[in-house]
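Student: I am new to this structure. Can we go through the terms used for its helices and strands?

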Amino acid sequence: MAWQEVVLVVDPDEASGRATAARLSDGRRVVHVTTALREAIGLIEQVAPDLVLASLEMPELPGPRIVRMLRERKTGLRVVALTRQPDPAAAVATVRAGGDDYLALPVDPVRLDQAVGRALRDVRTQAELREAQEQVADRYGFRHILSRSPKMHRVFDQIRAVAPTDATVLVLGETGTGKELVARAIHDGSPRKEARYLGVNCGAFAEGLLESELFGHERGSFTGAVERRTGVFELADGGTLFLDELGQTTASVQVGLLRVLEDMRFRRVGGEREVSVDVRIVAATNTDLTEAVRTGAFREDLFYRLNVFPIRLPPLRERREDIAILLQHFLKGAAKEYGLTAPRIAADAMEWIRGYHWPGNVRQLRAMCERWVIVAQGGTLVKEMLPADLVGAGARMEVEPGAGLDPERPMLPQLERRQLQLERAYLHQLLQRFEGRLGDAAAHAGISRRTLYTKMKEHGLQAEAYRRV
């Protein structure tokens, strides 16, 4: 996307303001300069700048209030504060008021370029998010998948090609890459879209229970089978069945799946009569099935039956151009769900978020966004609010953090206390939502069960208190 950037410089010292504007002027930007706050307000309405560089020494208002007032004049406006009297407390207050950065005058040209570049990049990200949503909806008709990545667009082309057919699809990818979203997109693009779509996580059931879940059972077929149960193959008749984590199934289940995939006939557990169905299968796994076949953990004939049309999803670290737009998308969604305001992301926090390797992929990012909406409380998310595993010494960075970050900077005590308070509130809400089920809660939050348990212990929370009697 190409457009001309518009920047407004507000400085009571006209010579200083024009010097700043001269450093910023190039063929991509239109730069306006004013010495008065009232005139700046009028220019915001007239020229709709993407970014304002504002002196905090304006006579009309105190510094942080200037930043807040400017941001209220235009949705999405970025503000970089300039000051001749730098002060750490004022810097914190400015960021909390919505400032993107805090620069001392006379401004260092390198720091100026970095601050302006980051702020305008965020403006472009918002525009790209809107464009990506429109592009994917218009070109592919997908409602739930968002991406600007060429790798993902190749996936979209595969979905669009296979969806109208009845071919079995095998979706491969790491945990959290969005395999179920692909299955839903295939169903929505198929002639079966008006029929049922059902999904089963095969890794969540013990062997006997999984067979019952898939094929149903007859009354009295095993202890506890007090009535006939209809399995998902019958329930999805005429529609699409998504079989997730298929690589975790046992040999017995694999035999049953092979039989039903061959001729769409099966018997309920404990039953004698064959049941015929018409179901489109989309399977998924994060397991290397080729290796599983080699070691004997997965049936070769079932693998070939499933691998009719494979689709491989790239991990988030291979589609970094999507991190910023997914971040904004998830923050808005979480803010709406919780009735809060989506936070702004400070430049230092964004550098770490972009550079992190995201082992839990898109699912982990989405869970983090829910946490950050609660932690930031409608303000600005700064690096000190990020979890230790993302910015700590053990955090894996796929790219070097940008200039201007100081990984050794001590955590501000007030932010640390606030983070602990909000972390406890997040855990409380998470445990309440999943009624104390630690596995489900940890998976939703994108963390391990052990990490969740450790955090609960730190905050004095017990799973039993959230379980329904």
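**Helices, strands and their terms**

Tutor: The buried residues of H14 are Ala 347, Asp 348, Ala 349, Met 350, Glu 351, Trp 352, Ile 353, Arg 354 and Gly 355. Residues are numbered from 1 along each chain as its sequence is written, and side-chain values use heavy atoms, without hydrogens and water. The model is predicted: local features need pLDDT of at least 70, side-chain atom pairs pLDDT 80 or more, while totals for chains, interfaces and linings use all residues.

Student: Why is helix H14 called largely enclosed?

Tutor: Buried means under 20% relative accessible area (exposed is over 50%, partly exposed in between; 1.4 Å probe, protein chains only). Nine of the nine residues of H14, residues 347-355, are buried, so the rest of the structure largely encloses this helix.

Student: Which residues of helix H18 are buried?

Tutor: In H18 (residues 438-445) they are Leu 438, Ala 441, Ala 442, His 444 and Ala 445. Their arc around the axis is only 160 degrees, which puts them on the same side of H18. The arc is taken from the directions from helix axis to C-beta atoms.

Student: What makes H13 oblique to H15?

Tutor: Helix H13 (residues 323-338) packs on helix H15 (residues 361-376) at about 50 degrees, with axes 8 Å apart. Under 35 degrees is roughly parallel, over 145 roughly antiparallel, 65 to 115 roughly perpendicular, and the rest oblique. Therefore H13 is oblique to H15.

Student: How do you know that strands S4 and S5 pair?

Tutor: Pairing needs at least two DSSP bridges. Four bridges join S4 (residues 78-83) to S5 (residues 101-104), and the strands run parallel.

Technical notes:
Helix = DSSP H or I, 4+ residues; strand = E, 2+ residues; numbered from the N terminus. Axes fitted to C-alpha atoms, helices over the stretch in contact; angles between N-to-C directions.
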